[in-house]
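Hi,

Here is the structure I said I would pass on. Have a look at it first, and my notes follow below.

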Amino acid sequence: MSATAHKKAPNAEDIRARKGTEPLVSLTAYTTPMARLMDAHCDFVLVGDSVGMVLHGLTSTLGVTMDMMIMHGQAVARGLDRAMMVIDMPFASYEHDPAQAFRNAARLMSETGAGAVKLEGGVEMAETIRFLVKRGVPVMAHIGLTPQSINTLGGYKVQGRDKQADAVLADARAVAEAGAFSVVLEKVPQSLADRITSQIAIPTIGIGASAGCDGQILVVDDMLGFFTAFKPKFVKRYADLGPLAEAAIAEYAAEVRARSFPADEHVFADQTPSKGSKS
């Protein structure tokens, strides 16, 4: 075997086995170029339904469709070589009953090559998670703030404070016992996230939770500063690329209007260039 043998992408069981070890790294991706940038650095990449807000200008994730998720999943898959791909099940694609969830999960996985699906909900989704896992669909759960439920949660509020804590803990236990291989904890108090992490046997993936979780995930456009409509408290901007991109676009527009672009080095001569010429 070559000393430079290709590293195999992890699967759901590999992610599960990382419980309590080196923290798992994840980001969302929606396009091939972005997936290529993060492939070498992430353990798994999530094709999130946040694409509806980040790329399509929707005000929530509720308008995201199966066709949108499949299109973006196929794009991300083309950019991944080492990281596992997980794909979100969009709103209304799995809540009706387990059979509906299986049909749509099977379609997502078969048409994108995803290694697992992610769905939102705790105790109420345990039966569906169990149904999917028994039929060969690895499931990443998502509890705490579940963006597809904002109309019943009253907005993007912290979940699990005070008397709510026991309910969120019950959700975590339910999805773990149902067979989920990991669970995203979104926008829950740090102490609760630590409590859940210590009490369930599957990895917890924090987003607005705790550094004590078994891994972390962020929306890539948030952490790079491309998405600027709002900035959640839990987001750290590792770069501020939005203003840089806008400045570059403004410079381009100014040069076009001044006729300084394209310059001589960007256009082609009438004659076929001689061998070795770049003209």
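In helix α6 (residues 126-134), the buried residues are A126, T128, I129 and L132, where buried means under 20% relative accessible area, exposed over 50% and partly exposed in between, with a 1.4 Å probe and protein chains only. They sit on the same side of α6, because the arc they cover around the axis is only 160°; that arc is taken from the directions from the helix axis to the C-beta atoms. Remember that an α-helix has 3.6 residues a turn, so residues three or four places apart point the same way. E127 and K134, on the other side of α6, are exposed. The cover over the buried residues of α6 includes α5 (98-112), β4 (116-120), β5 (139-144) and α8 (165-178). After α6 comes G136, with a positive phi near 90°.

Before you go further: this is a predicted model, where local features need pLDDT of at least 70 and side-chain atom pairs count only at pLDDT 80 or more, while totals for chains, interfaces and linings use all residues. Residues are numbered from 1 along each chain as its sequence is written, and side-chain values use heavy atoms, with hydrogens and water left out.

Now for D221, in helix α10 (residues 220-223). D221 is buried but has no salt bridge, meaning a side-chain nitrogen of Lys or Arg within 4 Å of a carboxyl oxygen of Asp or Glu. The nearest side chain of opposite charge is R237, 9.9 Å away (Lys and Arg count as positive, Asp and Glu as negative; His and the chain ends are not counted).

M38 belongs to helix α2 (residues 32-38) and is buried, at 4% relative accessible area. Beyond residues up to four places away in sequence, M38 touches L27, T28, A29, V45 and V220. M38 and G79 are 41 residues apart in sequence, with 9.0 Å from C-alpha to C-alpha.

As for the whole chain, there are 11 helices and 8 strands, which are DSSP runs (helices H or I, at least four residues; strands E, at least two) numbered from the N terminus. Of its 279 residues, 48% count as buried. The C-alpha atoms fill a box of roughly 75 × 50 × 35 Å along the principal axes. Among contacts with a separation of 6 or more, 59% are between residues 24 or more positions apart.

Cheers

Conventions: Contact = heavy atoms within 4.5 Å.
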